[in-house]
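Me: I have a new structure open and would like to learn how to read it. Could you take me through it step by step?

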Amino acid sequence: VQLQASGGGPVQAGDSLRLSCVASGRTFSSHLMGWFRQAPGKEREFIAGTNWGGSSTWYTDSVKGRFTFSRDNAKNTVHLQMNSLKPEDTAVYSCAAGPPGRFYLVGTTAESDFTSWGQGTLVTVSS
């Protein structure tokens, strides 16, 4: 599956932003999906994941209650709604897909469990 992320940009602290990621291919609904981010000078970190139908989502602690991950399998799209943004949310955000049909990966935060990656979209939050 090929992934294309969009929606990043410059915002003020407290603002909201919605990232989108469109996938190509016919197997999208069988892929676990995730969002990662990489801040300047830091390693890439897991942000959020969702299972095949979107009924299960999980988040890193720093974004819980502020970010919402959703998916629309009919449109081969996932979204990351980001509210109450903080300067420390500044990073390049990337969407990723796990291999198809790997049901045991639900809940994973490991970068190595995601095998397809989109290009990143930059989010810059100023104070």
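This is a predicted model: local features need pLDDT of at least 70, side-chain atom pairs count only at pLDDT 80 or more; totals for chains, interfaces and linings use all residues.

Me: How many helices and strands does the chain have?

Reply: Helices (H or I, at least four residues) and strands (E, at least two) are DSSP runs, numbered from the N terminus. Here the chain has zero helices and eleven strands. Along the sequence the pattern therefore reads β-β-β-β-β-β-β-β-β-β-β.

Me: What does the radius of gyration say about the chain?

Reply: The radius is taken over C-alpha atoms, and the globule rule is 2.2 Å times the number of residues to the power 0.38. For 127 residues, a compact globule would have a radius near 14 Å; this chain has 13 Å, which agrees. Its C-alpha atoms fill a box of roughly 40 × 25 × 25 Å along the principal axes.

Me: What share of the residues is buried?

Reply: Buried means under 20% relative accessible area, exposed over 50%, and partly exposed in between, with a 1.4 Å probe and protein chains only. Of the 127 residues, 45% count as buried. As for contacts (heavy atoms within 4.5 Å), residues 24 or more positions apart account for 59% of those with a separation of 6 or more.

Me: Which strands does strand 4 pair with?

Reply: Two strands pair if DSSP finds at least two bridges between them. Strand 4, residues 33-38, pairs with strand 5, residues 45-50, in the antiparallel sense over five bridges. Strand 4 also runs antiparallel to strand 9, residues 91-97, and six bridges join these two. Five of the six residues of strand 4 are buried.

Me: Which residues face each other across those pairs?

Reply: Towards strand 5, R37 has E45 as its bridge partner, and F36 stands opposite F46. Towards strand 9, G34 is partnered by A96 and Q38 by V92. As you look along a strand, keep a general idea in mind: in a regular strand the side chains alternate between the two faces of the sheet.

Me: What happens in the turns on either side of strand 5?

Reply: The hairpin of strand 4 and strand 5 has six residues between the strands, and G41 takes a positive phi near 75° there. Strand 5 then forms a hairpin with strand 6, again with six residues between them, and G54 in that turn has a positive phi of about 85°. Strand 6 covers residues 57-59 and pairs with strand 5 in the antiparallel sense over three bridges; T50 stands opposite T57. Five of the six residues of strand 5 are buried, so strand 5 is largely enclosed by the rest of the structure.

Me: Which other partners does strand 9 have?

Reply: Three bridges join strand 9 to strand 11, and the two run antiparallel; Y93 has T121 as its bridge partner. Strand 9 also pairs with strand 10, residues 116-117, in the antiparallel sense over two bridges, where A97 meets S116. Strand 9 is largely enclosed by the rest of the structure, because six of its seven residues are buried.

Me: Where do N76 and S84 lie?

Reply: N76 is in the loop between strand 7 (67-72) and strand 8 (77-82), and S84 is in the loop between strand 8 and strand 9. Phi of N76 is near 50°, a positive value in a residue other than glycine. S84 is not a glycine either, and its phi is positive at about 50°. N76 is buried, with a relative accessible area of 17%, whereas S84 counts as partly exposed at 42%.

Me: What is S126 in contact with, leaving aside its neighbours within four places in sequence?

Reply: S126 is found in strand 11, residues 121-126, and is in contact with V11, Q12 and A13 once those neighbours are left aside. S126 and A13 are 113 residues apart in sequence and 5.7 Å apart in space, C-alpha to C-alpha. S126 is partly exposed, with a relative accessible area of 30%.

Terms used
Residues are numbered from 1 along each chain as its sequence is written. Side-chain values use heavy atoms; hydrogens and water are left out.
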